[in-house]
Amino acid sequence: MCGIVGYIGDQKAKPILLAGLKRLEYRGYDSAGVAFIKNGDFQIERTQGKLSCLVDKLAGKDFEATIGIGHTRWATHGRPDEINAHPHYSKDVVLVHNGIIENYKKLKDDLIIKGHQIESETDTEIICHLIQDFLNQGYDFQKAIRSALKELHGAYSLVILNRNDNQRIYCARKGSPLVLGFNNGENFVASDIPALLSHTNEVAFLHDFEMAVLEKTQVTFYDFEGNSIEKERQIIQWNMAQAEKSGYKHFMLKEIHEQPRVIADTLLGRVDLEKMNIWLDDAGRLMKKFVQKPDFHIHVVACGTSWHAGMVARYWIENLAKVPVSVELSSEFRYRQPLVGENTLVVAISQSGETADTLAAIRESKKMGAKVLSICNVIESSIPRESDVTIYTHAGPEIGVASTKAFTTQITVLYMMAVKLALQKKLLDDQDIQDRMKALVELPNILKTFLRQYKGLDMMTEYLRNKEHCYFIGRGIQYPIILEGALKLKEISYIHADGYAGGEMKHGPIALMEDGVPVVATLLKDDLYDKMVSNVQEIKSRGAFIMGIITQGDEDTKQLCDLYLEVPEASMDLLPFVSVLPLQLLAYYVADAKGTDIDQPRNLAKSVTVE
Ligand code: M6R
């Protein structure tokens with residue numbers, strides 16, 4: 001989730017690049033840099049920290065170049081410091097990159113053997129040296145890029161300069177966005193439209209396996225084989241605020257729609273279909289040590305949405321890996337005397353990595369001799385720094401206060417952990433492993449299709465928008481999902497919402513059921529489906545208005561519901577992903593109908609750094 005800008009034309013590149021990067025700042029950043037070509041040499045400036053640090057560093061320096069590239073980084077490989085900041089370079093190549101190169105370790109080892117000196121910890125620098133390696137063999141620049149691309153596994157968008165040619169910028173895309181902008185006598189490239197919009201609204205989007213070569217007066221497009229291709233140009237009608245949200249009305253809606261992609265990013269390089277394995281690096285190695293301990297158990301600590309992710313994980317880890325799991329709110333954990341010790345793997349889950357209660361729970365756990373594995377979205381934040389190992393979700397910056405893509409990427413990591421533990425304990429046969437891994441890899445497409453085609457939310461929204469209360473029910477692994485649905489609704493629409501396990505209704509909450517009371521129920525075809533149907537019948541007969549999240553094509557369940565929304569079939573374990581999306585959307589549309597401040601709901605902060 002880095003920001004990229006490139007410019008070629010007659011104007012000085014520096015102010016154009018800095019202004020473009022500024023437009024991408026909302027995506028988050030931890031370091032930034034720019035590169036220009038002057039007199040056959042690169043001029044590269046990079047800094048750790050906010051873009052303003054780069055602006056300060058460049059102040060007073062007059063760069064004459066009219067060609068250049070720039071980058072703001074959201075770190076995935078390597079600390080967010082100057083040496084890991086982009087642009088990266090080799091003798092003749094300088095480039096910026098957005099994405100993740102899965103096989104960079106192997107490529108790095110091979111390049112080092114060939115004598116390349118690699119300075120940073122990034123996957124990006126490897127690409128410079130790979131291209132350089134082909135240049136050293138006598139390839140022309142474009143062929144050297146194409147040959148390097150063939151060796152890369154993973155996702156990338158790349159914008160590249162050649163030291164010996166100040167007339168061209170080269171771009172390539174596989175899996176990460178790039179958009180070209182056209183103007184008279186100048187051309188632009190960027191990871192997102194806002195970086196271009198003050199110069200032009202005439203754009204073309206690069207698709208996967210496509211390259212572009214930008215010159216001052218023309219842009220030519222190629223496939224990865226070097227064949228030239230035609231590209232249609234489009235006129236973008238968005239204003240700047242719309243562009244920052246990719247045309248969505250709110251960041252929350254944009255982030256809901258990003259989920260298929262960021263789940264795929266989180267799986268990338270970790271699910272190995274060839275070797276039928278899950279790679280979790282240091283975390284995998286720490287887990288392996290724990291599975292050998294006789295009384296190994298896992299204690300999850302987290303708050304809010306991240307706590308719900310932990311509750312989902314309990315079902316998976318206990319079921320697949322047969323490891324006992326307890327899940328606790330960090331704010332409760334820190335003030336009791338929990339029985340954790342050297343056989344406990346404490347799993348701390350946090351999007352921001354700064355939640356004070358979770359940080360305190362980590363410190364307590366370590367004092368008691370436990371090891372801490374954190375799952376976090378923000379690299380180098382406090383929680384990863386204080387944990388023994390961290391698995392990063394690759395959700396990119398989450399701006400909406402109501403967490404959406406952070407949740408689904410957290411449960412992506414947690415499911416991988418459950419499968420990995422089961423593999424380490426040799427509890428899965430080959431077929432089972434294969435089925436689970438395939439299902440995981442197919443998941444982003446299932447979610448993408450759902451987000452394109454779902455129907456039925458408008459009537460639910462209409463029913464709910466003027467209600468004061470709403471109840472959510474679900475069972476089994478759907479129980480934490482409906483808690484998450486209730487949390488989403490209350491935090492952004494300010495409607496009082498409570499979630500209950502279906503079987504628990506008769507122990508109290510059923511007293512609240514009367515004519516027209518809205519109840520959202522997950523009624524998916526899982527192994528507790530029949531039980532849920534009975535629970536719903538019990539409350540329906542007391543007058544509840546049932547809004548069902550049901551499996552596509554399930555005609556019987558449609559009859560049971562007053563309103564329903566169909567979700568696609570998925571493997572049983574992965575149903576939490578398909579059922580949480582409609583609940584996020586329901587909360588969003590109800591809040592939008594009420595006109596609340598969706599991205600910054602009252603009284604809430606994105607990261608809660610105080611007790
Ligand atoms: O950054 P964290 O994941 O540690 O944050 C935990 C909670 O504060 C957070 O999930 C909060 O509940 C969200 N607003 C939920 O949408």
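## Basis of the model

Residues are numbered from 1 along each chain as its sequence is written, and side-chain values use heavy atoms, with hydrogens and water left out. In this predicted model, local features need pLDDT of at least 70, side-chain atom pairs count only at pLDDT 80 or more, and totals for chains, interfaces and linings use all residues.

## The antiparallel sheet

An open sheet is built from 8 strands with antiparallel pairing. Its order is E3-E2-E4-E1-E10-E9-E11-E15. Strand E3 (41-48) and strand E15 (234-235) stand at the edges. Each has a single partner strand, so one side of each is left without a neighbour in the sheet. Helices (H or I, at least four residues) and strands (E, at least two) are DSSP runs, numbered from the N terminus. Two strands pair if DSSP finds at least two bridges between them.

Strand E2 (residues 31-38) and strand E4 (residues 67-73) run antiparallel and are joined by 6 bridges. Glycine 33 stands opposite histidine 71 in E4. Helix H2 (residues 51-58) lies across E2, E3 and E4. This helix runs at about 135° to E3. Axes are lines fitted to C-alpha atoms, for helices over the stretch in contact, and angles run from 0 to 180 degrees between N-to-C directions.

## Around histidine 86

Histidine 86 is found in the loop between E4 and E5. Is histidine 86 buried or exposed? Histidine 86 is buried, with a relative accessible area of 3%. Buried means under 20% relative accessible area, exposed over 50%, and partly exposed in between (1.4 Å probe, protein chains only).

Leaving aside neighbours within four places in sequence, histidine 86 is in contact with Ala32, Gly33, Arg46, His71, Arg73, Val96, His97 and Thr124. Contact means heavy atoms within 4.5 Å. The side chain of histidine 86 reaches the backbone nitrogen of histidine 97 at 3.3 Å. That side chain also makes a polar contact with the side chain of threonine 124 (3.4 Å). A polar contact is a pair of N or O atoms within 3.5 Å; within protein, one must be able to donate a hydrogen and the other to accept it, and residues adjacent in sequence count only if both atoms are side-chain atoms.

## Backbone details

Most residues other than glycine have a negative phi, and most peptide bonds are trans. The peptide bond from histidine 86 to proline 87 is cis, with omega near -5°. Proline 87 is found in the loop between E4 and strand E5 (88-89).

Lysine 322 has a positive phi, near 55°. Its place is the loop between helix H10 (304-321) and strand E19 (325-329). Lysine 322 counts as exposed, at 52% relative accessibility. Phi of lysine 426 is also positive, near 55°. Lysine 426 lies in the loop between helix H14 (405-424) and helix H15 (430-453). Lysine 426 is exposed, with a relative accessible area of 73%.

## Aromatic rings and a buried asparagine

The whole structure holds 12 aromatic pairs. In one of them, the rings of phenylalanine 141 and tyrosine 170 have centres 4.9 Å apart and planes at 50°, so the pair is tilted. Rings of Phe, Tyr and Trp (its six-membered ring) pair if their centres lie within 6.5 Å; planes under 30 degrees apart count as stacked, over 60 as edge-to-face and the rest as tilted. Phenylalanine 141 lies in helix H5 (residues 141-151) and tyrosine 170 in strand E8 (residues 165-174), so the pair ties together parts that are 29 residues apart in sequence. Phenylalanine 141 is buried at 7%, and tyrosine 170 is buried at 5%.

Asparagine 103 sits in the loop between strand E6 (93-101) and helix H3 (104-113). Asparagine 103 is buried, with a relative accessible area of 15%. A polar atom of its side chain lies 2.8 Å from the backbone oxygen of glutamate 151.

## The parallel sheet

The other sheet described here is open, with 5 strands in the order E24-E23-E25-E26-E27 and parallel pairing. Strand E24 (496-501) and strand E27 (563-567) stand at the edges, each with a single partner strand, so one side of each is left without a neighbour in the sheet. Neighbouring strands are turned by 20° against each other on average, direction ignored.

Strand E23 (residues 469-474) and E24 pair in the parallel sense over 6 bridges. The bridge partner of glycine 474 is alanine 501 in E24. Helix H18 (residues 529-540) packs on the sheet, touching E23, strand E25 (518-523) and strand E26 (545-551). The direction of helix H18 makes about 165° with that of E25.
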